[in-house]
Amino acid sequence: MKDEGTVELTVTGHTATITISNPPRRNALTPAMWRRLPELLDTAAADPEVRALVLTGAGATFSAGADLTGVRELVGDDSPPIRAEERLAAFPKPTIARVRGHCVGGGCQLAVACDLRIAAVDARFAVPPARLGIVYPGPTTRRLLGLVGPSAAKWLLFTADQIDAARAATIGLVDEVVPAEELDAHVARLVDTIAERSQLSIAAAKETIDLAVAGRPSPEREAHWQAEMLRSGDVAEGAAAFLERRRANFSWRP
């Protein structure tokens with residue numbers, strides 16, 4: 001039986017890691033892999049110990065995109081890639097794309113749906129629908145637009161050409177670029193930092209920013225978070241820890 005690759009979830013401490021693995025095809029995602037991703041995201045979201053999700057690829061490649069041998073299953077407004085992307089974008093805790101090597105097509109689509117993108121210097125990015133005659137979905141296009149702006153989004157979509165990590169950082173496609181040998185440790189430190197902070201503050205910030213970017217600011221949700229802050233003990237603990245020069249022990253959980 002042909003090995004069609006896997007998408008695997010591991011949880012270590014407060015970190016959930018989803019790994020895209022299809023090495024013979026540079027971690028291209030088959031239809032089955034796309035369909036599996038939302039299931040794993042739901043599992044990670046339901047784990048109360050998880051404080052951040054890392055999305056990465058097996059080996060030295062993030063993902064070369066969709067496996068085009070199943071292309072007819074992978075296009076359209078309600079296709080498996082769109083469902084996976086939307087589920088990732090809606091993940092309730094911080095998400096980080098840890099990128100090495102090629103991050104192309106569907107791989108870049110998933111990376112853009114994460115909250116943060118940390119890339120090794122060897123990373124390469126491309127958005128190639130124009131090479132394939134594919135119309136990039138509206139929500140996916142808007143998400144890219146919100147990240148890099150209209151000119152860079154048009155360049156990526158018009159040319160379908162690859163860019164290196166340095167240019168990706170310049171246009172805002174990635175947040176940080178680090179040496180490949182330091183990538184894992186750097187991402188681990190970032191997750192540790194997020195895990196130490198107030199999960200109330202982070203949850204409120206993530207939802208408020210995402211709603212604003214989507215053009216749907218919600219005064220009701222903003223009021224909810226202000227009330228939640230007053231109800232929780234995090235603000236008192238944060239102030240006490242600052243005055244006592246110690247690490248805060250925040251207790252709020254979703």
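**Cysteines, a helix and the core**

Tutor: Let us begin with Cys 114, which is buried, with a relative accessible area of 5%. Keep in mind that this is a predicted model.

Student: New topic. Which residues of helix 5 are buried?

Tutor: Helix 5 covers residues 138-148, and Thr 140, Leu 144 and Val 148 are buried in it. Seen down the helix axis, the buried residues fall within an arc of 50°, so they line one face of helix 5.

Student: What is on the other side of helix 5?

Tutor: Arg 142 and Gly 146 are there, and they are exposed.

Student: What covers the buried residues of helix 5?

Tutor: The cover includes helix 2, helix 3 (106-113), helix 6 (150-159) and helix 7 (165-171).

Student: And what comes just after helix 5?

Tutor: Gly 149, which takes a positive phi of about 90°.

Student: Back to Leu 144. Which residues is it in contact with, leaving aside neighbours within four places in sequence?

Tutor: Leu 144 contacts Val 112, Val 127, Gly 149, Ala 153, Leu 156, Leu 157 and Leu 173.

Student: Which residues of the largest nonpolar core touch the most other members?

Tutor: Leu 144 is one of them, along with Phe 125 and Leu 173, in a core of 45 residues. Helix 1 (residues 31-45) gives the most to this core, with six residues. Apart from that core lies another, of eleven residues, including Ala 52, Ile 96, Val 191 and Ile 194.

Student: Why would such side chains sit together?

Tutor: In soluble globular proteins, nonpolar side chains tend to be buried together.

Student: Last one: where is Thr 69 found?

Tutor: Thr 69 is in the loop between strand 3 (52-57) and helix 2 (80-89). Thr 69 counts as exposed because its relative accessibility is 61%, and the cut-off for exposed is over 50%. From Thr 69 to Arg 246 is 177 residues in sequence and 55 Å in space, C-alpha to C-alpha.

Terms used
Residues numbered from 1 in each chain as written. Predicted model: local features only at pLDDT ≥ 70, side-chain atom pairs only at ≥ 80, totals over all residues. Heavy atoms only, no water. Core = buried A, V, L, I, M, F, W, Y, C linked by side-chain atoms within 4.5 Å. Buried < 20%, exposed > 50% of the residue type's maximum accessible area, 1.4 Å probe, protein only. Helix = DSSP H or I, 4+ residues; strand = E, 2+ residues; numbered from the N terminus. Contact = heavy atoms within 4.5 Å. Arc of directions from axis to C-beta.
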